[in-house]
Structures are given as C-alpha cells and as structure tokens.
Amino acid sequence: MPQFHVRKVAVLGAGVMGAQIAAHLVNVRVPVLLFDLSTPGPVPQAIAVRAIEGLKKIKPAPLALADAAQHLHAAHYDADLTQLRDCDLVIEAIAERMDWKLALYQRIAPHLAPHAIVASNTSGLSITQLSAALPQELRERFCGIHFFNPPRYMTLVELIPTAETAPALLDALETFVTSTLGKGVVRAKDTPNFIANRVGVAGLLATMLEARKLGLGYDVVDDLSGKKLGRAGSGTFRTADVVGLDTLAHVIRTLQDTLSPEQDPFYASYATPAELATLVQRGQLGQKTGAGFFRKVGRDILRFDPATGDYVAGGQKADAVYARMLQRPAPERLRLLHQAEGAQGRFLWAVLRNSFHYAAVHLEGIADNARDLDLCMRWGFGMEQGPFELWQEAGWSAVAQMVQQDIDAGLALCRAPLPDWVFAGPVADAGGVHTPQGSWSPAARAFVAPRTLPVYARQIVPQRVYGASQGPARVGQTLFENAAIRVWSLPPTGPAAALGDSGDALAQRVLVASIQSKMHTLGPEVLRGLLQALDLAEREYCALVIWSPDAIFSAGADLQVLLGALMQGGVAAVTAAQQQMQDVMQRVRYASVPVVAALRGLVLGGGCELALHCSRRVAHLESYVGLVEVGVGLVPGAGGLTALARRAAERAAASGQKELLAFLQDSFSAAAKASVSTSAPEARSLGYLDADDVVVAHADELLFVAVQQARALAASGYRAPLPARFAVAGRGASATLHGALLNLREGGFISAHDYRVAGLLADVLCGGDLDAGTPVTESYLLALERAAFAELLALPATQDRIMAMLSTGKPLRN
Ligand code: NAD
C-alpha cells in the first residue's frame, strides 16, 4: 500500500465531539473541513461557523492556540460536498441516530476520494450495520473511530473494524491516530458501547448501586472512589456530572436496548438509577446546566438529596481509616477491604470485586486481550491501573477465590461464575493475565504480544501494564544516579546498532539526563548531575538529551534551598548559589555537543531557563512553559532574562529593524505577568520556543524525537554558538516599560511590590542604564540579573511570597 498521507480531514458534524475533534486536528496542523447541516439565510454554513467560534470559549480549551481556528473551514452538505474529494480521512460525528447516519453516508459516498478512509465516532451504534449501508467498494475503507470527551485531553481512541475493513488501512489509521494525533489506540470489537464505555459505564452503574445499598452519600462515594482508589479525581457522581447526565443516560440506554439478560448476565445491573432518571427529567444534566448530582453555589458544593429533591450541604469525606487502607500494598489492601465491616469498607470491596468479576466474564466478548481492556480503563476513564492489573498485583489466585466466594454467596452483581481460565491453565500458572510474553487472550487461549506496527518503534519507553515485563520499569544503562537525577545511555538502535563500538557508533550514541527530584526542582544535586552529564557527553557521546519519564520537565529552582541559603549565609550565599546556576546554564549553552531539552508538562522558572539554554527544544503538545519568578517576588536569575534579551536582539538584527523594544515587549509582558503557556504552540507564541523547535503530539514519542533531533544536530556538524556581543534596548525602552507599569499600578491592577519586581525585570531586559543599541556581553547581563535577584530576595515582601509558595503551593499577592 502507498504511504497514507493525511493532507486534509473532513469532520461531519460540528456538535460537541465533531468540533472538538476538528480542533485537535488543527492543533497538530491537519487542516479540517468542518461540515454541518445548512441553515436558511445568508450564511448557510452558520452551524459550523458558530461551532468554530464556540471553540474559543470551551474549557478546558480544545484549541492549543486560538489562532489555529483559521485552519478550520466551515462547510455545509448542500454546497460543499465536492470538496470531500481533497480529504484523505472523513470522520463522521453527527447525532447518534442510525437512520441519520445512513442517510448522510448515501449522500457523501459519490464525492469521496477513492483512497479516503471513512470512520464513525459513534459511541453505541453497530459499526457493521453502518458499514452495510455503504456501497460495497467503500466498506473496506470504513471503521469506527471512538474518541473520548474532551478529545484533546483524553488519551484513548478505540478503532473498531468490521469483518470487511482492510487490515492495511486500519494499520495506517492507527499510525496516524497514534503519532500525528498523539492518542493511545485500542482496537475494539463491534459490541455495544465497545470496550471502555461498556466496562466503565457498567462500573459506574455498579458503584451507584452499591452506594445505594449501603446508604452512602454522593460526596463520600466520590471521596472513596476517586484518587484514593487510584481512579479519576472526579470519583463517580462528579464524573457523571462532567460527562453530562443525558449523555450517560444515553449510553446506559444503549446497553439496555442492545443487550438482553440472555446475552449478558449483568443485564439487571444496567437499570437506570432512579435519581439519574429524575435529574435528567428535571433538566439537571450536570456541569453543563450548572446542576446534577452536585450544584456549586458560590464556594460551596451542594449535593442533590433524592428524598426531598433539594440540594443540601455536601463535602462530607470518607473515614480516614479507609484512606490509610487504600495506601497499603495491593495484596494487603484487598485483604483488609475484603474483611472490612464498616459500610465504606464493604463498599470499596464490592466496587473492586464487581470490576474484577465484570472484566473477567466479558473479556472474551468485547476485547482481544486483557491488555486492551486495562489500557481502555486507564486512557478512557483515568484509572491508574486497569482491573486486571490491580487483581494481578494483589495476588491472582487469592483474589479469584474471594471473588468466586462472593458470587457463590449471591453477593456479586450476578451469579455468572468466573471463567475457567481464571482458575486453571496458563493464567493461573502465570499468576495473572499479563506476562512478559504478552497478555491473555481468551479467544486465542494464549498470551498475545502487543501489536508491532512500525509506529510503536517510536516509543522508546512504551506504556507497560503490570506484570508484562520483568525487572525495573526503565530502559538504558545507568551511568550514575542519585535521588535527584539519573544519567544513562540509550542502547543504539536501527543501523547504529550494527556499528558495534566503532567510531561511527560513537557518533550515534546519545546520553540522557533524567531529572527525578520532587517536581523536578533544580537543586544543587541536579545541577551537579547536569555538569557531570555534560562532561561525560562531551567525552563519549554525540549529544545530551534532558528528558524524564514522568509528565513534568521541571517546576523551577528549588525555593527551599534558596531560602535556606538566605537564612544561613545571607544575600551573599544566595548570589553564590545563583552564580553556580548561571554557570550551569552557560555550560549547557556552550557545550561542544548539542543539548536537547524534551519538554512536557510544567516547564517553569528555572526549568524554562534551562530549556532556553539548550541547543533545541522538543516539546510535547501539553507543555506549560513560563518564567514565573515574579509570582514569588523575584526575577528570573539563571540567565533567562539574558537569553530573552539576546534572542530579541538577534531577531531584531535579522529583521533589519533597529527598534529593539518591539522584539522585547512580548517577552517582557509574559515574564512580568508570570504567564504560563497552555500548550507548546502557545509557548512558541510567548517566545519560549524557537521556530525550528519541534512539537510532538504523543508523549511517549517525545524521547524518540528528541534523540533524533540530537543525532541530526550532531550529524550536521554541530558547533556551539560563539559568545557574541549583542545590542540592548537601553534606558529609553526601560522607561517606556516603566510607564506602562505605572499605569497598571495607578489603575490598581498590580501591587506596589509587583511594580517593583516588574520594574527591575524591565531594567535587566533592557540592559540597565545604557544607551539604546549599546553592545553588551552575556556576562554583563548575567551580573544585572544577579543584582536584581539579590535586591529582591532581601525584601520581606518577596520572602513572604516564597514562604507562601512553599507552604501552600500557590502565589501570594502582596
Ligand atoms: P451533538 O448533538 O453535540 O452534535 C450532533 C451534530 O449532528 C449537531 O451539530 C447537529 O447539527 C448534527 N446533526 C443532527 N442531525 C443531523 C442529520 N440528520 N444529518 C447531519 N447532521 C446532523 O452530538 P455529539 O455529542 O457531538 O455526538 C456526536 C457523535 O459522537 C455521536 O455519534 C455520539 O454518540 C458520539 N460521541 C459522543 C461523545 C460525547 O461525550 N458527547 C463521546 C464519544 C462519541
């Protein structure tokens, strides 16, 4: 099959899902034609136009950069169908009605490109039935593509083939959804609600049922069934409110309508809970209508009282004893819960037992293997572990016995026994469904390995399920490690692997530094580790990559260390520490091998400064980047302002313009407001990423792309930049910025302390008391940074801000 390039996508349906799927496509630079029904009047594509406008107001933001909306083109079916010919992929996301979808397919079929893939985002309709309505030649290019709401943020996408879907096309689509859209793909069977919603919604219903049996309130249930249980923080009832109670009721109805007690022994537990029906009938549909199981009034969260139909005071928490139990290692945790006598403990055990029971009984019918089911629950429902993982970790046979005893005693949701494979054969022998050879597939009666599409070679550290591999959850050879940093080397891959120890192999070897201090703060140990890594990289490797396996780059300098130094040694001690930090940053910038920062999650303060000093940045789409020092009453002091001033001067010089202020204004405003980007593209617009920095959609591809970039830089004859003088904006520009600050101060928008901090920031950024255009060295500006930093740190208002940040984690406005 020729390469599958997705040049343009048509999304049919500009509702909740269609519009947000379209937004995510443009986030990753895939242009979209967004279709909806035509409306009478001068703008027949008004529904799609309004949906595109509406995207800018939805929270959490579907668009990574509001500006990306320009790549969404509104269309309607009456005039624009011919444009489908340019689309390589068509995603249908119209209202959930079989007859409407079928009618639309008839309409679009004549206009499709002969190679286009067509996929439906239906959450409940049969993909096979939808396919049957298509002309024969289209059926091999049709499948289900089930996104989760909100599609930008939810990892899971289920792909559902029919018997006729061409395997090569499905592989091509999986590759696109994985690498370009950054999603986690699971292939599901064409059964009602597919895998994640089937197991997730059955679990939600079962949880509500157990809560009612045991007389527990919604708030206590949510406290117990959220983070403490290793599940999404919104627990059970608030999750329902967020999803929308009408949407939930709809998914439940699909279970009721498409299944029967003969097909599914759990059928009785799919009854719509009475209070859910009441709330839907009253139009209290959850978050979108302002009230559901909970209602927020001012700062209070009220809870629906089914007895009276009113909202009453909520916020009740679970007993602390269960929170402690839930922190115990899995085998002990499950044993304690199984023996618990209090209502909350019995509830927790019942919830877990039901989830194991349901997953085991239904695995063969709905999924290919246990790994797929577990990943669906992690990626689609925010669980830390899928049901099989927890079961296996807690001790497969012991838990199986406890569950079966409950089934026999009539305590479970139904009397269906656990399948035979739970108790005898390969699973029982291996102590669970996940093994290093693969995960259990009841249909194949074997452990099957994850799919090996070439796209997965881009995940150097792939997602693992519990039990699937032996040994530590890390790759590479550790060269040195402490609590703050691990420095390790990546085994050569591809053609490099064949080079052995030759000089050519050395030219491919990349060293990786993984910061692992709490919140990845940059304390003395991290800085020492980075220096050591740089020395080593220059001696024996072609490049250094700074990457961490968890979802954060660095929250910045270690404030605790800074404050400690101030208390013990006064301002002089802090200045010395700061000088060290600046030296490390300069060492990064002038290293003789390229240093690539792999950014993800928080990239704040000193973390942002570190990134700015690297030769290149590779950023995951979800990167939250900013110089936030103003929030603790400081200015960036590790070279961040110097870097911004230098970059502004370089851009001004390249543009031929003498007026430097225009190039500084955005950086100044971002740092003065401590703005943090809400995505990597926004980080670029704030000036924290360069034009040739790379944005990566899939978090698990970040390391691979960073390594590729590092190798490419090295192979292209990398030379460190030469220290050069550059022009500063000077005292006139600084006065202009001060003027703007004064207006803000007089308008009451910023405090006196904000004014002082931002004023110093302006002074440093503009080069202090110099004429416009005066050439300076980096050392000159670095000294200004240190002086401003020391001046601010000595002030009680700044110290109060630091203390507040350390004790509450939030900035203090003083
Ligand atoms: P929605 O009601 O927000 O949007 C549906 C869109 O379909 C509207 O823009 C409407 O104008 C259009 N439409 C209505 N009748 C039509 C017709 N006869 N022909 C063409 N277009 C028509 O719905 P949604 O929540 O975005 O759901 C869309 C699809 O996505 C459904 O199949 C749903 O099951 C699925 N889905 C929804 C969610 C969710 O959480 N909402 C999650 C995953 C999948």
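Predicted model: local features only at pLDDT ≥ 70, side-chain atom pairs only at ≥ 80, totals over all residues.
**View 1. Tyr218 and Phe294 form an edge-to-face pair of aromatic rings.** With a relative accessible area of 6%, Tyr218 is buried, and Phe294, at 11% relative accessibility, is buried as well. The ring centres of Tyr218 and Phe294 are 6.3 Å apart and the planes stand at 80°, so the pair is classed as edge-to-face. Because Tyr218 belongs to helix α8 (residues 218-225) and Phe294 to strand β9 (residues 294-297), the pair ties together parts that are 76 residues apart in sequence.

**View 2. Phe35 and Tyr77 form a stacked pair of rings.** The model has a count of 16 aromatic pairs, and the pair in this view has its ring centres 5.5 Å apart with the planes at 10°, so it is stacked. Phe35 is located in strand β2 (residues 32-36), whereas Tyr77 is in the loop between β3 (72-76) and β4 (89-92), so this contact ties together parts that are 42 residues apart in sequence. Phe35 has a relative accessibility of 0% and counts as buried; Tyr77 is likewise buried, with a relative accessible area of 4%.

**View 3. The ligand is surrounded by a shell of 19 residues.** Met17, Asp36, Glu96, Lys101 and Ser123 are the closest members of this shell, which by class consists of ten nonpolar, six polar and three charged residues. At least two shell residues are supplied by each of α1 (16-27), α3 (98-108) and β6 (142-147).

View 4. The ligand taken alone exposes 830 Å², of which the protein buries 77%.

**View 5. The charged end of Arg509 sits over the ring of Tyr541.** In this view, the distance from the charged end of Arg509 to the centre of the Tyr541 ring is 4.7 Å.

Terms used. Residues numbered from 1 in each chain as written. Heavy atoms only, no water. Near = heavy atom within 4 Å. Areas by Shrake-Rupley, 256 points an atom, 1.4 Å probe, with all protein chains shown as cover. Helix = DSSP H or I, 4+ residues; strand = E, 2+ residues; numbered from the N terminus. Nonpolar A, V, L, I, M, F, W, Y, C, P; charged D, E, K, R; others polar. Phe/Tyr/Trp six-rings, centres within 6.5 Å; stacked < 30°, edge-to-face > 60°. Buried < 20%, exposed > 50% of the residue type's maximum accessible area, 1.4 Å probe, protein only. Lys NZ or Arg CZ within 6 Å of the ring centre and 35° of its normal.
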